[in-house]
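Hi,

Here is the structure I promised to pass on. Please open it first, then read the notes below.

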Amino acid sequence: MSPRTRLPRTRPGRALMRVARAPGLLLGLWILQLVLAWLLSAPVRMVGKAAMGPFTWFDDGHRLRALAELLIDDQAVAAVITASLASSALLAVVISILVGPAVITRLHARTSPAELGRATGQHLGAMVVQALYALIPRAVLGGLAGLALSLLGPGGLPLALVLATLPTLVLDRARVAIVLEHARPFHPMTHLRALAHVLRRPLWLFSGALLDGLRIVIGIGALVFVISPAGIALGGGALWVARLAGLLALALGLGRISLAVDNAEPAEPAEPPAPTA
């Protein structure tokens, strides 16, 4: 590295601006999210209607109690809901792997759809391998996050959030290193170097944890609103409030990835050709 080369610094504001400059990416992923949610909810709607028979709606004043009674009385509904949630989680991981290279490439610079597809095809195997490397840190740090909450109570929430978010930030960094810096795609050292890279940048670590925490709070808040008296009074409009909250949560998730893109190492300058006689 040249002595004049300066490593990039973490700038959360600039990272979020990258997301704002890619509205097509944000809206495209949001529409994909809505379509998949509708498809995954179809089996739940079908089995729910079959179980309720002629009673095709809940009493608006007792929705939660009626839902609990339905789950207790008909185990098939509970099984379908569980399968739908499991499928949703698995599908989210698959989509993250599939679109990861394209998202990183687009956040880095405006480019053509063909180039985005090429990036996905070229780095798909590496995305899978790096995701597998992240499984053990997720389990270990997730357990430590739970331990922090149990020992410290609500006061341990910031520490738990940082611990739980760290493996995701490391995976973001490893993917960016592969896609933008041509790091070794399948080598475990790429993941270990990503860990060291994030730990040396506390602003990145805390900013990423904050973005992920806000994303979780928005998701929980949207769910609470839908089942609250205000959401019930709003009727079908409550679902659109929840969908728009999902759009905001998606933007925060892209902002977390953009932190890694914004921290991409500068490329080494090419060596000048040797003079010929």
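Helices here are DSSP runs of H or I, at least four residues long, numbered from the N terminus. Keep in mind that this is a predicted model.

Start with a loop. His 182 sits between helix H7 (157-181) and helix H8 (188-199). Its phi is positive, about 60 degrees, although His 182 is not a glycine. Is His 182 buried or exposed? The cut-off for exposed is over 50% relative accessible area. His 182 has 66% relative accessibility, so it counts as exposed.

Next, a helix pair. The axes of helix H1 (residues 12-20) and helix H11 (residues 237-262) come within 8 Å, crossing at roughly 120 degrees. That angle makes H1 oblique to H11. The crossing of H1 past H11 is right-handed. On the H1 side, the contact uses Pro 12, Arg 14, Ala 15, Leu 16, Arg 18 and Val 19. They meet Ala 251, Leu 254, Gly 255, Ser 258, Leu 259, Val 261 and Asp 262 in H11. By class, the H1 contact with H11 has eight nonpolar, two polar and three charged residues.

Now the core. The largest nonpolar core has 46 residues. Val 103, Leu 107, Val 198, Leu 254 and Ile 257 have the most contacts inside it. Which helix gives the most to this core? H11 does, with 11 residues.

Finally, Val 198. Leaving out residues up to four places away in sequence, Val 198 touches Leu 166, Leu 169, Val 170, Arg 173, Trp 204 and Leu 205.

Best wishes

Notes
Residues are numbered from 1 along each chain as its sequence is written. This is a predicted model: local features need pLDDT of at least 70, side-chain atom pairs count only at pLDDT 80 or more; totals for chains, interfaces and linings use all residues. Side-chain values use heavy atoms; hydrogens and water are left out. Axes are lines fitted to C-alpha atoms, for helices over the stretch in contact, and angles run from 0 to 180 degrees between N-to-C directions. Helices (H or I, at least four residues) and strands (E, at least two) are DSSP runs, numbered from the N terminus. Angles under 35 degrees count as roughly parallel, over 145 as roughly antiparallel, 65 to 115 as roughly perpendicular and the rest as oblique. A crossing is left-handed if the near helix is turned anticlockwise from the far one by less than a right angle, and right-handed if clockwise. Contact means heavy atoms within 4.5 Å. Ala, Val, Leu, Ile, Met, Phe, Trp, Tyr, Cys and Pro count as nonpolar, Asp, Glu, Lys and Arg as charged, and the others, Gly among them, as polar. A nonpolar core is a set of buried Ala, Val, Leu, Ile, Met, Phe, Trp, Tyr and Cys residues joined through side-chain atoms within 4.5 Å. Buried means under 20% relative accessible area, exposed over 50%, partly exposed in between (1.4 Å probe, protein chains only).
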